[in-house]
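Please look over the chain below before reading on.

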Amino acid sequence: MNKNIPSTQTTPGTPSATSAPKRSLTPRRRAREYALQGVYQSLVMRRAGSLPNAAAIAKQLAEDPGFRRCQHDLFQGIFAGVLERTDELESIITPALDRPINELSPVEHAALLIGTYELAIDLAVPYKVAINEAVELAKTFGGTDGHKYVNGVLDLLAQQLRSTEIQAGQANS
């Protein structure tokens, strides 16, 4: 088991008791990390056949001392947005996968949901930022090469979802 996988068994907001070296986190990065942890918990509960309680998960995450240093509105927007649109986001992601979505690790699954949410729904986030942030989440919390998979899938989705933005960026280079 990867020591950096968030779980309900570790203190929310920290990768684990034997955490990786400390990182400098912006309030936006911290918000995405908490959102990943919340989405992760929701996915694990769904896979176990339970109905996740978004309010209870958000409350648990908010109890972590580090949570006060995150950008709360960004956390809430991503966390609630992903949970409200999970089925829609999964239908966008699934054609880009080489395996059934439930065979993804919950960390990669959560990172893909967050990245796809920002690519498809939150158009104020530049596509490169959406991809990079999801990849960084997968690097921090996921398995050894999970971030490469997340990057490949989101790159493919960005071509479909943000083609105009990508073409405009290429024309300006």
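Axes here are lines fitted to C-alpha atoms, for helices over the stretch in contact, and angles run from 0 to 180 degrees between N-to-C directions. Helices (H or I, at least four residues) and strands (E, at least two) are DSSP runs, numbered from the N terminus. This is a predicted model, in which local features need pLDDT of at least 70 and side-chain atom pairs count only at pLDDT 80 or more, while totals for chains, interfaces and linings use all residues. Residues are numbered from 1 along each chain as its sequence is written, and side-chain values use heavy atoms, with hydrogens and water left out.

The protein chain has eight helices and zero strands. Of its 173 residues, 46% are buried, that is, under 20% relative accessible area with a 1.4 Å probe, protein chains only (over 50% is exposed, in between partly exposed). Contact means heavy atoms within 4.5 Å. Among contacts with a separation of 6 or more, 70% join residues 24 or more positions apart.

Confidence is given as pLDDT, the predictor's value for each residue, from 0 to 100. The chain has a mean pLDDT of 88, and 86% of its residues reach 70 or more. Residues 1-21 have pLDDT below 50, although this stretch has 36 contacts in the model beyond near neighbours in sequence. Where pLDDT is low, the predicted coordinates should not be read in detail.

The packing can be followed from helix 1. The axes of helix 1 and helix 2 come within 10 Å and cross at roughly 140°. That makes helix 1 oblique to helix 2, since angles under 35 degrees count as roughly parallel, over 145 as roughly antiparallel, 65 to 115 as roughly perpendicular and the rest as oblique.

On the helix 1 side the contact has Arg28, Ala31, Arg32, Tyr34, Ala35, Gly38, Val39 and Ser42, which meet Leu74, Phe75, Ile78, Phe79, Val82 and Leu83 of helix 3. These residues divide into 10 nonpolar, two polar and two charged.

Which residues does Ala58 contact beyond its neighbours within four places in sequence? They are Phe75 and Phe79. Ala58 lies in helix 2 (residues 54-62) and counts as buried because its relative accessibility is 15%. Its C-alpha atom is separated by 9.6 Å from that of Gln37, 21 residues apart along the chain.

Helix 3 has a further partner in helix 5 (residues 106-120), where the axes come within 10 Å and cross at roughly 105°. That makes helix 3 roughly perpendicular to helix 5. Leu74, Gly77, Ile78, Gly81 and Val82 of helix 3 make this contact with Leu113, Ile114, Tyr117 and Glu118 of helix 5. The classes are six nonpolar, two polar and one charged.

Terms used:
Nonpolar A, V, L, I, M, F, W, Y, C, P; charged D, E, K, R; others polar.
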